[in-house]
Amino acid sequence: NKRLLARSYFTLGKSLNEIEDYIEACKQYRKSIQLQEALHRNGELHDQRGLAISYHNLAWSMRKCKQYAESIDFFQKAIFLFEQLEYEEKQDNRRLLDFSYFWLAETLHNVNKSSEAIVYFEKAISIEEELDSKNLLEDRNSLAITYHNLACVLGDINMYAEAISYYRKAIAVREQLYSYGNLLDSYSLAGSYHNLAYDLNR
């Protein structure tokens with residue numbers, strides 16, 4: 001059964017990813033994707049969400065292997081499918097779309113495509129702010145991370161006023177989290193303070 005085989009390849013890829021064997025994980029994800037795509041072409045499989053997740057996971061593993069060009073391609077494929085699914089089981093699919101936006105932005109930044117990275121960080125922020133406003137964002141630090149990382153990219157291309165604005169937003173979230181006694185957020189908060197001070201002195 002091709003469907004079960006595709007699932008087995010995917011599960012193996014995920015397990016290999018968890019033990020940081022990213023090269024082998026990529027191989028298994030590719031096998032799973034090849035089967036899923038064949039099933040889609042033949043009209044035997046209509047699970048776009050599962051295929052999108054496979055694209056995302058392969059892209060992430062490729063990023064860990066520094067195969068940035070292919071990583072970007074597969075993040076974009078994942079995003080194309082997630083955007084179509086956005087309003088089905090809305091909250092969960094929007095969070096998956098958010099992850100793909102964020103990691104595509106990070107990967108674009110790795111290859112010095114700062115302008116494109118900014119676009120996808122902003123897309124991720126849009127989703128995270130919406131979920132946060134509805135108390136649906138499970139980990140508020142993810143919003144602080146996205147603010148902080150966008151600020152870093154803006155600072156890298158000398159857009160200091162914009163960078164400072166996003167550092168302040170990251171700090172506001174992290175100060176709130178720190179007030180709840182989260183020690184890990186104290187280190188993140190210190191990093192945002194440091195970068196804000198650096199850009200204020202430019």
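Trainee: Is the crossing of helix 2 and helix 3 left-handed or right-handed?
Mentor: Remember first that this is a predicted model. Handedness describes how the near helix is turned against the far one. Here, helix 2 and helix 3 cross in a left-handed way.

Trainee: At what angle do the axes of helix 2 and helix 3 cross?
Mentor: Roughly 155 degrees, and the two axes come within 9 Å. Angles over 145 degrees count as roughly antiparallel. Helix 2 and helix 3 are therefore roughly antiparallel to each other.

Trainee: Which residues make that contact?
Mentor: From helix 2, look for Y22, A25, C26, Y29, R30, S32, I33, Q36, E37 and H40. The helix 3 side includes G50, L51, S54, Y55, L58 and W60. By class, the contact of helix 2 with helix 3 has ten nonpolar, eight polar and three charged residues.

Trainee: How do the axes of helix 1 and helix 2 cross?
Mentor: They come within 8 Å and cross at roughly 160 degrees. The cut-off is again 145 degrees, so helix 1 is roughly antiparallel to helix 2. This crossing of helix 1 and helix 2 is left-handed.

Trainee: Which residues of helix 1 and helix 2 meet?
Mentor: On helix 1, find K2, R3, L5, A6, Y9, F10, L12, G13, K14, L16 and N17. Their partners on helix 2 include Y22, A25, Y29, S32, L35, Q36 and L39. Sort the residues of this contact between helix 1 and helix 2, and you get eleven nonpolar, five polar and five charged.

Trainee: What about helix 6 and helix 7: how do their axes cross?
Mentor: Helix 6 covers residues 114–133 and helix 7 covers residues 141–156. Their axes come within 10 Å and cross at roughly 155 degrees. That angle makes helix 6 roughly antiparallel to helix 7. The crossing of helix 6 with helix 7 is left-handed.

Trainee: Which residues should I select for that contact?
Mentor: Take S114, I118, F121, E122, A124, I125, E128, E129 and D132 of helix 6. The contact of helix 6 with helix 7 divides into nine nonpolar, four polar and four charged residues.

Trainee: Now the pockets. How is empty space found?
Mentor: Rolling a probe the size of a water molecule over the atoms shows where empty space is left. In this model, the largest pocket has a volume of about 240 Å³.

Trainee: Which residues lie nearest the centre of the largest pocket?
Mentor: A6, R7, Q36, D47 and G50, out of eleven lining residues. Helix 1 (2–18), helix 2 (22–41) and helix 3 (48–64) each supply at least two residues of the lining. Helix 1 gives the largest share, five residues. The lining of the largest pocket holds three nonpolar, five polar and three charged residues.

Trainee: How much space lies in the second largest pocket, and which residues line it?
Mentor: About 190 Å³. The second largest pocket is lined by F10, K14, N17, E18, Y29, I53, H56, N57, W60, S61 and W103.

Trainee: Which helix supplies the largest share of the lining of the second largest pocket?
Mentor: Helix 3, with five residues. Helix 1 and helix 3 each give at least two residues to this lining. The lining of the second largest pocket has five nonpolar, four polar and two charged residues.

Conventions. Residues are numbered from 1 along each chain as its sequence is written. This is a predicted model: local features need pLDDT of at least 70, side-chain atom pairs count only at pLDDT 80 or more; totals for chains, interfaces and linings use all residues. Side-chain values use heavy atoms; hydrogens and water are left out. On a 1 Å grid over the protein atoms alone, a cavity is a set of points where a 1.4 Å probe fits but cannot get out, and a pocket is an open set with protein on both sides within 12 Å along at least five of seven lines; lining residues have an atom within 4 Å of a point. Grid points are joined across faces, edges and corners, and a volume is the space filled by probe spheres set on the points. Helices (H or I, at least four residues) and strands (E, at least two) are DSSP runs, numbered from the N terminus. Ala, Val, Leu, Ile, Met, Phe, Trp, Tyr, Cys and Pro count as nonpolar, Asp, Glu, Lys and Arg as charged, and the others, Gly among them, as polar. Axes are lines fitted to C-alpha atoms, for helices over the stretch in contact, and angles run from 0 to 180 degrees between N-to-C directions. Angles under 35 degrees count as roughly parallel, over 145 as roughly antiparallel, 65 to 115 as roughly perpendicular and the rest as oblique. Contact means heavy atoms within 4.5 Å.
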